[in-house]
Each structure stands twice: as structure tokens, then as C-alpha cells.
Amino acid sequence: MKQSLQKLLEPKLITYIKKNGYDGSDFIKDALSGLSVAIVALPLAMAIAIASNLPPERGLFTAIVAGLFISLMGGSRYQIGGPTAAFIVTVTIVAMKHGYGGLVLATIMAGVLLVIMAFFRAGELIKFIPHPVIVGFTSGIALLILFSQLRDFFGLSIQTMPPDFIDKLILYIQNLHQTNPYSVVVALISIGIIILMTKKYPKIPGPIVVVTLSALAVWVLNIPIETIESRFGTIPSMLPSPTFPVITFEKIRLLFPDAMTIALLAAIESLLSAVVADGIAGTKHKPNTELLGQGVANIASSVFGGLPATGAIARTATNIKAGAVSPISGIMHALWLFGFMLLLSPLIVKIPLAALSAILIVVAWNMSEIKHIRLIMKAPRADRAVLFVTFALTVLVDLNVAIQAGIALAAILFIHSMMGAVEIRSYDDDEEENDDPDATSKKVIPKGVEVYEIKGPLFFGIAERLVDTLLLFDLPPKVFILRLRHVPMIDAAGLHALEKLTYQLHAQHSVFILSGVNKNVHNYIRKSGLAEEIGECNIVDHIDKALALADKIVAEPQNK
């Protein structure tokens, strides 16, 4: 137990150094890759904070503090952590409803939940969230991010943005006449530069080129558009002192759903990012250690005035392509960002908001999952339904509701498909495999004996169908044989169905025989007390034994 706990707690940083060692040349590679990532992260961190209706420095605090702890304590060799666009909608709504103090408490709670998830080995369970649910809420978030940036894209002088999609749309339409053409031009040119840099010069980060050129253009040409300085003033050049929110039971109760959303988003995004990193670099991450690192990072980020954080897929990919060796590159990325804030804060505030909106619009497009949506559109109807329901609820209602409803709908549709896959049939159904020597159709069935077979798990989805088989008989059979050779598992509802079937057959003076019961199913039948009701002698491991027993029963004088 101690060893497994130690393995869980051991960060990838320690694991890597123990196994591979670390020297000066490795550090130089990590420092340079960390610098590349920091250049990409600088404008993104501020843009994400501004899009969340919060001061830009909160994004920087998050990238520095959370980025440090995610690399220091996480389970992925190349993971880069910080604020991500996926959190914009949730952060905006929580901060609007409960203030920044409420957001801090929700993030701390989310961090605690992530730590608990790590200790309960939930890292492996995240993969069971259906793909259409992930694509649905990710593409829904992408659309909401796009809409959140239209104010700065068009240079509209709207003071407060409503959280709801429809309200935003109406407000934009009402204020479209206020469009600042300079903002539109700067934003469009910025998008064009990012696309050009991505295609022609992929090694040069497009966002840093955009913010540098746009800030110079606004300063030199005196272009009349909003900048970070005109809206927010100066930004601090140091991290704030750690502060803790006032915690009450009532606040915890109110914020718990939002904390769950933050924790789930952080878990999904970070593990997806780690999987992508593994695919690019051929490594293997430790999912539970990653959740632990994410939990500690979110607690630390909120205490130091930051936002929720998770693994950032684009920044992680940049880290690998820049030649990172170990998690120290992520630590260096955080330290480089701290240096930028310390030395360049007077210049950073000159960045125009239209340029930051352009960066996030490109991020939203990359998040939109167009390829995956096209793929799901060719999938079964159930997957399409889950995708559209999750997407619609994310955009029109709430991310909490969307994730819960998406998972619930996916589960219901899965159960429905499983019900269709499980067969309950009699020996009269001539659909069995010709090469099956134990096929019921190849056996001699005594008169007065009915043989039915279940193929698939005996679970709550088909329990009632099993009980309803007795309604098919005009006269009750003398012996009812139920073959379970293809039943790998049974749940409580399946046991209850067997119990009901047993009582109904006994009431009709019929003998109930179970055939081909595997050890696992037999064990549950015995534990539930059903073996005594059915009769241990009537539970056999092969159809030949069941038929021999049935033949003996129908041949007894009292049954003649």
C-alpha cells in the first residue's frame, strides 16, 4: 500500500531524473524550450483573463504559479499548464454570480476534488467519458469564446457583457452601429498574421508577432482603439501575497456544482493534453499523478490571485517541438513568464485588445473540433444525438447541465443498444451457429420442457424481458431451463429478475433449472440466497446435464 501510494505521489520530474539523469546540456534545451512556450503563453494568459471579464494580470499569475506546480508535481513529462480557453465561460459566470472571492473558493474546492480523484485512482476513469460528450461541450465552449470576443473585435463600447448566449447576440446586434473600423482592421490583420505564421513560419509563435506588431502600430500611428492600459491601467510587476477566502458551509454548498465543473474540466483537459503529448513524443504519462499535480496547482493558483488552470494542448505541443527534455522546461516557462512580468509590464499594457481578441478567435477555431464533428456525423444516430444535445446545452443553458445531460443521455443510449444486443430466445429459434455442438437445436428436448438462452450480460436493461418470457406460454412448462453459458455478468436487477422468475415458476408448479452458469455468476446467485430457492442441484454447468435432469423430472410418476 505504501509503495503504490509512493508511486502515485512521485512526480514525473523525479521519475524521469531517476531513470535518465540530468545534465547541463539538458538544462539548456529545457530553458530554451521553456522560453519558446513562455512567448506563446504571455499573450494567451492575458487574453483568457480579459475574456473572463477579469484583469489581465490574473492570467499571468495563473500561468506562473499553476504552470510551475503542474510541471513540478504532475505526471506528464512535457505538460505545460496554465489558464486555458476552456475555462472562460465557467470563470465568467462564477465570477459574475459570486465575485472573484467566490471564484477563488470554487477553484480551491476544485483543487481538493482533483486531489481526491487522484487518491481514488480516477485518472483511468476519465477515459470513459463518451467522445461525443467531449466534442459537444468543447465545440460549444469554442462558440461561446468566439462570441465573447466580438466586443473587442468590433471595438464596441459595451461596459458589461451578459453571460447568456442569446442575450449576448441581442446586445451585439443592438450595438453593431458603434463598430470601430480600426479595431476590425487590426483584428483581421492579426488573424491573417497568425494564419500566415502557422503555415509559412511554424517555428515562430504567431501570437507574439501579433501583439508586438499591433502594439507598435497603435503606438507609432496613434490608432484610436482600446489597449490593456486604457481599460485596465497598469499591471503589477510582482506576484501578490497569498490570500485565503472566507470559507463557510453555505458558500461551499452554493459553489460545489461550479467546483465540480472546474475539476472535471481540469481533469479532462489535462489528461487529453497528456495523451496528445504521449502521441507526439512516444512517452507515457501517469494519469493519477497528473490529477494530483493539477489539484495542487489549482489551489496554489487561486491563493496567489489566479484562475483555474489545466494542461494546455497547444502550449504542450509547442514545448515538445521546441526540444524540451523534461518537466523542467515547464518550470522554466513559468520562470520566464515571471521575468517578463517583472521587466516588461510597462510595455505589455500597450497591447491592443483587438489583437488579443484575434488570438482567442483563432484559439476558438482550433477548439471547434470540426474534424471530429464531421466524423461523428457519420457515426450511429445515438452518437449524433449526444453530440447535439451536449453542444446545445453548453451554448444555451450551462456547462454543468450539458456535461451531466450528455453523460446521462450517452449512458441511456448505450444501455438501449446493449438491450438490443442481448438475446433471450427459445430452442425453436433456428439461428444458432451450425458449428456449435452444444446448440439447443441439436439436442433432444423432452416433452413438457422449455429451453431458453440468454446471450449477453443479465443486467437491469433486460431484466423485465426475462420475466416476460413466461407470458409466451399457453400452458406452464413442467421444466423451464434457462441457459446462461453466454452470460458474463449479472447485476442486482438481473438477480431480482431470476428471483421473480423462480417464484412464478414455483407458483405454476414448474421446475426451474439453470444451465451453463459460470463461476462469477454462480457466486452471486449463491450469495443472494437464490441457489437455495432454485435448488443447488438444479444449477448445472452443461446443457446435457440440464436435459438429463429435466428428462428425469418429467418421467417421475407425479408428473405423468
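**Figure 1. Arg-231 and its salt-bridge partner Glu-226.** In this predicted model, Arg-231 counts as partly exposed, at 24% relative accessibility. Its side chain meets that of Glu-226 in a salt bridge, with 2.7 Å from N to O. Glu-226 is likewise partly exposed, with a relative accessible area of 36%.

**Figure 2. Glu-536 and Arg-526 in a salt bridge**. The N to O distance in this pair is 3.9 Å. Glu-536 sits in the loop between helix H23 (530–534) and strand E7 (539–540), while Arg-526 is in helix H22 (residues 519–527), ten residues apart. Both side chains come from partly exposed residues, Glu-536 at 38% relative accessibility and Arg-526 at 45%. Elsewhere, salt bridges with shared partners tie Asp-152, Glu-226 and Arg-231 into one network. The count for the model comes to ten salt bridges.

Figure 3. You will find Ser-515 in strand E6 (residues 511–515). Ser-515 counts as buried because its relative accessibility is 1%, and buried means under 20%. Leaving aside residues up to four places away in sequence, its contacts include Ile-481, Leu-482, Arg-483, Leu-484 and Arg-485, as well as Val-540, His-542, Ile-543 and Ala-546.

**Figure 4. The largest pocket.** This pocket has a volume of about 1900 Å³. Of its 48 lining residues, Ile-313, Ala-314, Arg-315, Ala-317 and Asn-366 are the closest to the centre. Among the elements giving two or more residues to the lining are helix H3 (24–51), helix H12 (249–281) and helix H14 (313–321). Helix H16 gives the most, with seven residues. By class, the lining holds 29 nonpolar, eleven polar and eight charged residues.

**Figure 5. The second largest pocket.** The volume here is about 400 Å³. Val-89, Thr-92, Ile-93, Pro-163 and Lys-168 lie nearest the centre, out of 30 lining residues. Helix H5 (88–119) is one of the elements that supply at least two residues, and its seven residues are the largest share of the lining. The classes split into 15 nonpolar, seven polar and eight charged residues.

Technical notes:
Residues are numbered from 1 along each chain as its sequence is written. This is a predicted model: local features need pLDDT of at least 70, side-chain atom pairs count only at pLDDT 80 or more; totals for chains, interfaces and linings use all residues. Side-chain values use heavy atoms; hydrogens and water are left out. Helices (H or I, at least four residues) and strands (E, at least two) are DSSP runs, numbered from the N terminus. Buried means under 20% relative accessible area, exposed over 50%, partly exposed in between (1.4 Å probe, protein chains only). Contact means heavy atoms within 4.5 Å. On a 1 Å grid over the protein atoms alone, a cavity is a set of points where a 1.4 Å probe fits but cannot get out, and a pocket is an open set with protein on both sides within 12 Å along at least five of seven lines; lining residues have an atom within 4 Å of a point. Grid points are joined across faces, edges and corners, and a volume is the space filled by probe spheres set on the points. Ala, Val, Leu, Ile, Met, Phe, Trp, Tyr, Cys and Pro count as nonpolar, Asp, Glu, Lys and Arg as charged, and the others, Gly among them, as polar. A salt bridge is a side-chain nitrogen of Lys or Arg within 4 Å of a carboxyl oxygen of Asp or Glu.
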